[in-house]
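This report walks through one protein chain, part by part, for a reader who has the sequence and the model at hand. Please keep the view open while reading.

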Amino acid sequence: MRDIRRSSRSPRKSRPVFAALLGAAAFLGTGVFASPAGAATAAADPASFWTAERMRQATPLDLPTVDRSRVKAPSVGKGKEKTVAPTLPGALNDVGVLAFPHSGGAWSGGGAVVSTAGRVFFTYQGRTASCSGNAVTSSNKSTVITAGHCVKLEGSWHTNWVFVPGYHDGQAPYGRWSATKTLSTPQWTASEDINYDIGAAVVAPLDGKLLTDVVGGQGLAFNTGYNKAMYAFGFPAAAPYDGEKFIYCSGTTNRDFLLSNDHGMNCNMTGGSSGGPWFTQFNESTGTGLLSSVNSFKYNFLPNRMYGPYFGADAQNLYQTAQSS
C-alpha cells in the first residue's frame with residue numbers, strides 16, 4: 001500500500017507520476033495491452049525459499065511519496081460492463097452477518113474468501129517483502145490478482161514470488177504457489193501510474209493440482225461504475241498490524257476527488273495489505289463476490305482512507321492475458 005504526499009525532491013523524468021518512491025511494490029497502467037514482461041530471475045524453488053520463518057520476517061513495502069504537481073488523473077479506459085462468476089471447489093459454511101460499514105478488523109467469518117485470499121511474498125531490493133492477493137476464476141485455473149506494485153517497482157520485477165492462500169500465523173494451509181509469470185499493464189510498466197496499480201501472476205501447479213481446483217476462485221467485475229457497496233480484505237503487516245491476521249473493511253465507496261480516478265473507502269489497513277481484493281456483490285454468508293479493485297494507496301493526510309484502482313478496460317485486458325497464459 002502506498003502513502004501519497006507532497007515531495008520536496010525533484011521529479012524523475014522517467015517517472016511522470018511519482019517523484020520519489022521510498023518503498024517497494026508495483027503499479028499497473030492503462031491503454032491497449034501489450035506483451036507483458038515476465039518476472040525477473042527467481043530462486044530455483046521459490047516455494048522452498050519461503051520457510052515459515054522467512055514469511056514471518058517479511059516486511060511490508062515501505063510507503064513512498066509523490067510530487068503532487070506531477071500527478072494527473074487521465075480518464076480511465078472503459079468498455080462494456082463485464083462480470084465473471086466465482087468458482088468454488090466445494091460446499092461453503094454459512095458465516096453469518098458482520099458489521100457494515102466497518103473501518104478495519106479481523107474477519108471473524110469464514111466462506112470462500114478465507115481460502116481464495118492470501119499473502120504474497122517476494123524479494124525486493126535484496127529483502128524479503130509481502131503484499132496480499134486473491135485467486136480468481138480463470139481459464140488456466142492459476143491466476144492471482146494483486147496490486148501492480150506487488151509485482152514490479154522502479155523498473156525491476158520482484159523475484160522469488162509466491163502466493164500463500166489462507167495464510168495465518170506463519171502457516172500455509174493450502175501450500176506455497178510459485179509464480180511462473182508476473183504481469184502488469186503497459187502504463188504501469190512504463191510510468192508506474194497510480195491510476196492503474198493492478199498486477200497479476202500465473203502460478204505453477206502444486207502437487208499435480210491447479211490453484212482454483214484447490215482453493216476456489218472469486219468472480220470479477222469490470223466497467224461497473226463508482227459509488228458501490230464494497231468489502232476490502234488483506235494482510236496488513238505495518239503497525240498496528242503484524243501480517244499474521246486476515247483483516248477486512250467494508251463500506252460504500254466514492255470516487256477519489258484529489259489525484260486519481262480510484263475508488264475510496266474508510267479503512268485502517270496498513271502496508272502489506274496492498275493487492276488485497278475489493279469485492280462488489282459480496283455475500284457474507286458464502287464469502288464470495290466480484291473482484292472490482294485492490295488495495296493500492298493512502299494519502300498521508302487521510303491515514304484512515306484506502307484507495308483502489310478502477311477496473312476498466314485495461315484491468316480486463318490484464319486479466320485476459322493472465323488467464324490465457
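## An enclosed strand and its partners

Strand 18 (residues 277-283) and strand 19 run antiparallel to each other and are paired through five bridges. The model that shows this pairing is a predicted one. Within the pair, Trp278 has Ser293 of strand 19 as its bridge partner. Four residues lie between strand 18 and strand 19, which together form a hairpin, and in its turn Gly287 has a positive phi of about 70°.

Strand 19 also pairs with strand 13 (residues 219-222), here in the parallel sense and through two bridges, and Leu220 stands opposite Leu291 of strand 19. How enclosed is strand 19 by the rest of the structure? Seven of the seven residues in strand 19 (residues 288-294) are buried, so the strand is largely enclosed by the rest of the structure.

## Two disulfides

The count of disulfides in this model is two, and, when bonded cysteines are counted along the chain, they follow the pattern 1-2, 3-4. One of them joins Cys131 to Cys150, with an S to S distance of 2.2 Å. This pair links distant parts of the chain, since Cys131 belongs to strand 6 (residues 127-135) while Cys150 sits in the loop between strand 7 (143-146) and strand 8 (152-153), 19 residues apart. The torsion about the S-S bond of Cys131 and Cys150 is about -80°, so this disulfide is left-handed. Cys131 is buried, because its relative accessible area of 1% falls under the 20% cut-off, and Cys150 is buried as well, with a relative accessible area of 0%.

Another disulfide joins Cys249 to Cys267, with an S to S distance of 2.1 Å. Here too distant parts of the chain are linked, with Cys249 in strand 15 (residues 247-252) and Cys267 in the loop between strand 17 (263-266) and strand 18, 18 residues apart. The torsion about the S-S bond of Cys249 and Cys267 is about 70°, so this disulfide is right-handed. Both Cys249 and Cys267 are buried.

## The largest pocket

The largest pocket holds about 180 Å³ of space. Of the 14 residues that line the largest pocket, Val114, Gly166, Tyr167, His168 and Phe246 are the closest to its centre. Sorted by class, the lining of the largest pocket consists of eight nonpolar, three polar and three charged residues.

## Local backbone features and a buried threonine

Most residues other than glycine have a negative phi, and most peptide bonds are trans. With a relative accessible area of 64%, Gln125 is exposed. Asn227, which is also not a glycine, has a positive phi near 60°; Asn227 is found in the loop between strand 13 and strand 14, and at 54% relative accessibility it counts as exposed.

The peptide bond from Ala239 to Pro240 is cis, with omega near 10°, and Pro240 is placed in the loop between strand 14 (229-234) and strand 15. Thr143 lies in strand 7, and a polar contact of 3.0 Å joins its side chain to that of Asn140.

Key:
Residues are numbered from 1 along each chain as its sequence is written. This is a predicted model: local features need pLDDT of at least 70, side-chain atom pairs count only at pLDDT 80 or more; totals for chains, interfaces and linings use all residues. Side-chain values use heavy atoms; hydrogens and water are left out. Buried means under 20% relative accessible area, exposed over 50%, partly exposed in between (1.4 Å probe, protein chains only). Two strands pair if DSSP finds at least two bridges between them. On a 1 Å grid over the protein atoms alone, a cavity is a set of points where a 1.4 Å probe fits but cannot get out, and a pocket is an open set with protein on both sides within 12 Å along at least five of seven lines; lining residues have an atom within 4 Å of a point. Grid points are joined across faces, edges and corners, and a volume is the space filled by probe spheres set on the points. Ala, Val, Leu, Ile, Met, Phe, Trp, Tyr, Cys and Pro count as nonpolar, Asp, Glu, Lys and Arg as charged, and the others, Gly among them, as polar. A disulfide is a pair of cysteine sulfur atoms within 2.5 Å. A polar contact is a pair of N or O atoms within 3.5 Å; within protein, one must be able to donate a hydrogen and the other to accept it, and residues adjacent in sequence count only if both atoms are side-chain atoms.
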